[in-house]
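User: I would like to learn how to read the features of a protein structure, one at a time. Please give the general idea before each case.

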Amino acid sequence: MVTFIEIIEGSNEGSRIQVREGMTLGRSQADVIIKDPKVSSKHAQVAVDGKGQLVLLDLDSSNGIHIAGRRVKKVALIPGVIFEVGRTQFKVVTVEEEVALDFGRLMTWRNILQANLPAAGIENTEPSLKPERFSPALRLSFVQGIQTDEEIILGYGPRHAGSDSMDIELLDMDAPRDAFKLLAGPGQVEIKILSPGRVTLNNKAIDAEMLNDGDLISVGSTLIKVSYL
């Protein structure tokens, strides 16, 4: 049997993650990234106890692990157990080895959308944009805010950032739904601000500008440093 933990409430609800010894869960510095402001950078780790049972151990996180509202130091990862890491709720499930590969990817919300939107007759009304290479590639480093220590490497555009974006998701409570867009330019990347007054570049309100090494994008309390690779 193969053990999975399934997100039943929270960001990426429906996703399933195969459990393995040594795997860490956290907001940024972990094997499994949980987009939850109540989760620590490295929150918990999977281990094997003296009985050979998989368990999830709290790594002295700020908000801990909870079962039925009670804070615990470890969770036995046995089928049916429900636990919370931050505000994200998980359920432990097991499947036969021969179906484990498909099981882990069947129920992600992206797969559900891809499978059901065509059947529902819903079409993408946005104009299709041809991907253009970022040359050199762009690195966004979160240096302040809830996503501190996260890094995103971008090799092509256009790219869209915002609180509801499936591309570059901003977790800041004050992040607008449409924050900014990144477009390929000659030797640089252009930023277009989609929410004037709520997003700034180097503490200046702009409409659009070519990005340079060291530039700082501000969204709420989040600060993102720009660099080229």
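Analyst: Start with contact: two residues are in contact when they have heavy atoms within 4.5 Å of each other. This is a predicted model, in which local features need pLDDT of at least 70 and side-chain atom pairs count only at pLDDT 80 or more, while totals for chains, interfaces and linings use all residues. Residues are numbered from 1 along each chain as its sequence is written, and side-chain values use heavy atoms, with hydrogens and water left out.

User: With which residues is Thr222 in contact, leaving aside its neighbours within four places in sequence?

Analyst: Thr222 is in contact with Phe142, Gln144, Gly145, Asp172 and Ile217. With Asp172 there is also a polar contact between the side chains, at 2.8 Å. A polar contact is a pair of N or O atoms within 3.5 Å; within protein, one must be able to donate a hydrogen and the other to accept it, and residues adjacent in sequence count only if both atoms are side-chain atoms.

User: Is Thr222 buried or exposed?

Analyst: Buried means under 20% relative accessible area, exposed means over 50%, and partly exposed is in between, using a 1.4 Å probe and protein chains only. Thr222 has a relative accessible area of 3%, so it is buried. Across the protein, buried residues make up 41% of the 229 residues.

User: How many helices and strands does the protein have?

Analyst: Helices (H or I, at least four residues) and strands (E, at least two) are DSSP runs, numbered from the N terminus. The protein has two helices and 21 strands. Thr222 is found in strand β21.

User: What do β16 and β17 form?

Analyst: β16 and β17 form a hairpin with four residues between them. Their pairing is antiparallel, over five bridges, and Leu183 stands opposite Glu190 in β17. In the turn, Gly187 has a positive phi of about 80°. β17 also runs antiparallel to strand β19 (residues 208-210), joined by three bridges. There, Ile191 has Glu209 as its bridge partner.

User: Which residues of β17 are on its covered face, and which on its uncovered one?

Analyst: Val189, Ile191 and Ile193 make up the covered face, while Glu190 and Lys192 make up the uncovered one.

User: What is a nonpolar core, and which residues have the most contacts inside the largest one?

Analyst: In soluble globular proteins, nonpolar side chains tend to be buried together. A nonpolar core is a set of buried Ala, Val, Leu, Ile, Met, Phe, Trp, Tyr and Cys residues joined through side-chain atoms within 4.5 Å. The largest here has 24 residues, and those with the most contacts inside it are Leu138, Leu170, Phe180, Leu182, Ile191, Leu211 and Ile217. Elements that give two or more residues to this core include β12 (132-144), β16 (180-184) and β17 (189-193). β12 gives the most, with four residues. Apart from this core lies another, of 22 residues, among them Ile34, Leu54, Val72 and Val75.

User: What does Ile217 touch, not counting residues up to four places away in sequence?

Analyst: Ile217 touches Phe180, Ile191, Val199, Thr200, Leu201, Thr222, Leu223, Ile224 and Val226.

User: Now the backbone. Which peptide bonds are cis?

Analyst: The bond from Ser135 to Pro136 is cis, with omega near 5°, and Pro136 lies in strand β12. The bond from Gly157 to Pro158 is also cis, with omega near 5°. Pro158 lies in the loop between β13 and β14 (159-162).

User: Where is Ala68 found, and what is its phi?

Analyst: Ala68 is found in the loop between β7 (65-67) and β8 (70-72). Its phi is near 50°, a positive value in a residue other than glycine. Ala68 counts as exposed because its relative accessibility is 83%. Asp149, in the loop between β12 and β13, has a positive phi of about 85° although it is not a glycine. Asp149 has 44% relative accessibility, so it counts as partly exposed.

Terms used:
Two strands pair if DSSP finds at least two bridges between them.
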